[in-house]
Amino acid sequence: MTPDLILIDPELWAKTRSGARAGRGFRYQDALCAALAVEAWAGEAAWNAVVPEGLEDATLYGPGLEIRAQIKSRHDPRGRFSLSEVADFVAKMMAPLDEVADSSVRLALILERPVDGLEASGWLQPLASTGQKFEVLAQALTAAFAPRTIDTIALLARLHLVVLPDPLSAVPLVLERKGSLDPAAGRLVAQELRAVAGRAADDNFAKQPQDPASLGATDVQRLIDGVQRILDPLGRLKLADDLCDAANFHEALNAPDFYSGINVMPGHVGAGLVFERPTETADILEALEAQGAVLVAGPSGAGKSALTWLAAYHTRHAVRWYRVRRLSEPDVPRLVQLARLLDASPARPVGFVIDDVGRTGAAGWDMLVSEVQAIAGLLVLGSVREEDIFLLGTAATTPTVRPHLDEPLAERLWVALSAQGEVAFSHWVEPFEDSKGLLLEYTHLLSKGQRLEQTLTEQVRRRLSENRNDELELLRRIAFPSRYGAVVESRFIREHLAWDGFRMAKALARLIEEHAVKETPDGGLAGLHEIRSAYLDNAARACLDMPMSETISEAASVVSATHLPIFIVRILRAYPEERPPLVRALADRTARGDVASLGPILHGLGLATADIVAAHWLEISRRLNIDDRFSSLMFNLTAAYPVEGDLPLFAKVREAGASFATVEVEDLRGSFLDQLDDASGLDLHTDLETLNRLQAALLPLRGCSKAPSLDLPVDQDLSVAPLLPLLEFIRTTWDIKASESGRLVDLAGGSLALLARLRDEIPWITAPRLVEIEGEECGGREIAVEANVRVISDAVQNDLHGDVVRLCELMLVAAPEARRALSDTILPDGASLMVAGHSLNSKRIPRESLPSPARVAWNRAQARAVDRLVGAPQETGRTASLAQLIEELSQRLDEAANLYLRMEKAK
């Protein structure tokens with residue numbers, strides 16, 4: 001068979017080569033930008049960002065640096081550029097710079113072929129420093145600039161001449177040297193990066209000058225990771241692919257419901273959906289440079305994730321940022337290994353972004369922050385909810401930035417939402433003030449809930465119409481607990497629904513894809529946000545018409561144990577009439593053998609009981625005309641010793657205490673234990689720390705008719721049990737039943753044995769001993785326990801007073817018969833540590849003055865329950881109240897000063 005021939009007129013072919021030459025020039029420009037980006041990634045260049053088709057063919061940016069580059073190609077390998085061509089290129093570059101005297105703006109002419117009569121200078125020095133003779137070039141420049149005048153020496157001092165015949169050929173060598181990438185993989189990365197550079201050049205036709213398309217370290221690293229994922233998928237997956245991936249700012253995510261509250265991703269920033277926050281961003285970057293680790297903290301919906309990724313976006317050219325999917329303690333060594341393999345250094349930093357640190361792993365965050373000090377060039381940036389900060393051991397030493405909804409941002413959001421459709425307000429000021437500074441609430445208020453509610457309702461209806469019943473069944477079991485701050489156990493739901501793993505995974509995947517639910521790092525399931533979960537729950541229950549009692553009972557059986565306290569409290573605040581079915585469901589859950597949930601259930605029911613007691617107290621407080629601001633203070637005073645005296649305040653305390661003594665609220669914990677068919681059948685044999693938490697959850701509350709009772713099965717030999725957990729358990733038990741704590745002491749070998757163990761296991765103390773002393777309150781003799789703390793060195797004793805108090809606590813626990821603890825700090829000669837004749841740390845503490853931590857925690861919980869009823873619902877209201885209190889205090893201080901100095905009574 002004769003092949004088809006393509007016959008073209010040679011003369012016509014020669015006349016139409018301009019398009020091919022132009023296309024080759026563009027491909028050379030793309031290749032060069034790719035090579036320049038790799039040099040920045042490697043930390044071998046003064047720049048860290050490359051902007052294709054910027055102010056010139058390419059613009060390079062670095063700290064205090066701007067290089068505007070003209071890029072010229074020449075197809076003929078034997079062709080060379082002339083000096084006149086070079087002069088014309090430079091004159092064109094200088095035209096926009098006639099008024100720019102700043103020497104930080106440098107020029108570069110990058111050529112594919114050499115120049116006749118002129119040697120290249122490279123990047124390390126300008127042409128003026130090469131020692132060449134420039135008479136002919138100066139004449140060409142004068143002609144090219146005419147009629148303008150030109151200072152040739154000053155021009156050449158800021159001009160670089162670079163000749164690169166094949167810019168991509170060096171890329172594999174750099175990638176192999178800096179990234180351990182084999183040459184074949186390096187060539188693949190180079191070609192991919194050239195395509196990215198071409199797309200960036202095209203995008204910059206429409207981009208705004210404040211946010212041009214550019215190439216930096218993160219872009220290069222993302223392509224390297226992608227190639228490695230193809231060439232060695234198993235090795236890459238084993239190291240990091242299931243743990244993190246390079247932040248992809250180039251893949252724009254144009255989410256239509258972005259402002260309704262979804263998790264922000266790098267692509268949202270790249271799409272321009274995230275508005276600038278210059279002040280907070282600058283704070284984050286300064287803290288990162290100073291300490292290497294920063295937290296962005298705030299309440300739900302404050303824009304923490306957006307600000308976190310915005311800060312990463314602004315440093316994407318210099319820092320190779322990775323998005324971390326989860327962060328448990330075992331994951332930290334893998335991240336550290338990845339940072340080392342990426343050759344993290346101050347010149348080539350690697351950054352990890354962890355969104356929602358409190359849920360992804362507090363312990364993992366603390367470990368990773370400690371590694372920042374050990375690895376130069378490692379940066380970590382995390383967002384955390386305000387209520388989760390206390391979980392982080394490194395929070396006190398980690399810089400924390402808190403985003404706030406300010407007026408400029410509120411106005412920009414209003415404009416953006418107005419452009420997409422009608423909003424409920426004709427101006428942004430009113431919803432801004434009503435939102436109390438919370439971003440999610442602000443965007444929700446702008447549309448009066450229509451935008452968010454309608455979107456989510458439509459999602460539910462669509463599932464119903466498409467017979468996606470499994471998704472609806474799963475959604476309603478997740479959304480209801482999530483609207484009250486709880487996470488559900490995936491295995492509990494699967495067992496409840498009797499689904500196999502494939503059916504569960506299929507339904508769950510769709511819900512996650514549509515931003516309805518999310519998986520937590522510990523395997524739980526939760527809604528993306530409480531507001532979103534509330535609307536999803538409303539829509540699902542409207543479609544399925546399930547009674548509230550059944551919904552609550554079902555939720556109580558699937559909520560994770562750690563989230564039961566908050567779930568119980570918030571459910572009973574919202575639906576107090578549903579108390580019986582909730583308590584019954586919790587009892588059934590425990591009776592089925594879920595002993596791990598017993599402590600959290602008792603804790604949650606105790607907090608709910610504290611709410612009921614607080615409501616009764618508030619009635620008394622208001623009936624006696626006690627100012628709401630002082631209600632919790634008066635509540636605490638009525639719990640103290642009887643207050644004597646004729647002052648009106650003391651009389652009010654006595655009257656309130658007498659009224660409160662008649663309050664007898666049913667303790668929900670007792671109701672729960674009564675509904676357990678056989679509490680003795682529960683397997684409660686566990687470690688002492690767990691038993692202590694369980695005992696702490698049983699402490700009696702003020703205002704309750706009857707304390708809950710649960711006999712813990714502790715009858716084993718405790719003489720070899722760990723000392724401190726044992727003493728804390730005995731201490732908590734004392735607050736419930738003193739005789740039971742005495743029995744525990746006997747099981748541990750008696751008081752003398754425990755005191756002897758204190759001497760052996762607590763450093764720097766003398767041997768504790770029981771002594772008989774004169775009673776201080778009622779006269780007569782009383783038993784006391786005595787030991788001292790030896791003063792050794794500030795290096796090991798930074799709080800001598802605290803050491804003395806702690807010793808008194810432990811001695812009183814070990815010796816139940818003692819009424820008082822005596823202790824002091826003593827010098828090596830046995831004398832007390834004295835200053836001006838006074839002992840600094842001498843203590844004679846009665847037992848009543850050292851309640852257990854659990855007792856203190858429950859007292860504070862009851863006081864907080866009162867504060868919740870009378871306090872401002874938002875921080876703004878609380879601040880206003882404090883400001884008013886400060887004004888009143890100032891007035892009272894002024895009256896007191898006048899009385900003391902001038903004998904003038906207050907009017």
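Predicted model: local features only at pLDDT ≥ 70, side-chain atom pairs only at ≥ 80, totals over all residues.
Residues are numbered from 1 along each chain as its sequence is written, and side-chain values use heavy atoms, with hydrogens and water left out.

Because six of the six residues of β7 (residues 293-298) are buried, the strand is largely enclosed by the rest of the structure; strands (E, at least two residues) and helices (H or I, at least four) are DSSP runs numbered from the N terminus. β7 pairs in the parallel sense with strand β10 (residues 378-385) over six bridges, pairing requiring that DSSP finds at least two bridges between two strands, and Val380 in β10 is the bridge partner of Ala293. With strand β11 (residues 400-401), β7 again pairs in the parallel sense, over two bridges, and there Thr400 is the partner of Leu295.

Turning to strand β2 (residues 58-62), we find Thr59, which counts as buried at 0% relative accessibility. Leaving aside neighbours within four places in sequence, Thr59 is in contact, that is, has heavy atoms within 4.5 Å, with residues including Ala49, Val51, Glu66 and Arg68.

Now to the charged pairs: a salt bridge is a side-chain nitrogen of Lys or Arg within 4 Å of a carboxyl oxygen of Asp or Glu, and by this rule the count comes to 36. Within helix α20 (residues 469-483), Glu473 and Arg476 lie three residues apart, about one turn of the helix, and form a salt bridge whose closest N and O atoms are 3.4 Å apart. Which side chain meets that of Arg483 in a salt bridge? The partner is Asp537, at 2.6 Å from N to O, and since Arg483 lies in α20 and Asp537 in helix α23 (residues 530-544), the pair ties together parts that are 54 residues apart in sequence. Both Arg483 and Asp537 are buried.

Finally, Arg868 and Asp611 meet through their side chains at 3.9 Å, N to O, in another salt bridge. Arg868 is partly exposed at 39% relative accessibility, whereas Asp611 is buried at 11%.

Definitions and conventions:
Buried < 20%, exposed > 50% of the residue type's maximum accessible area, 1.4 Å probe, protein only.
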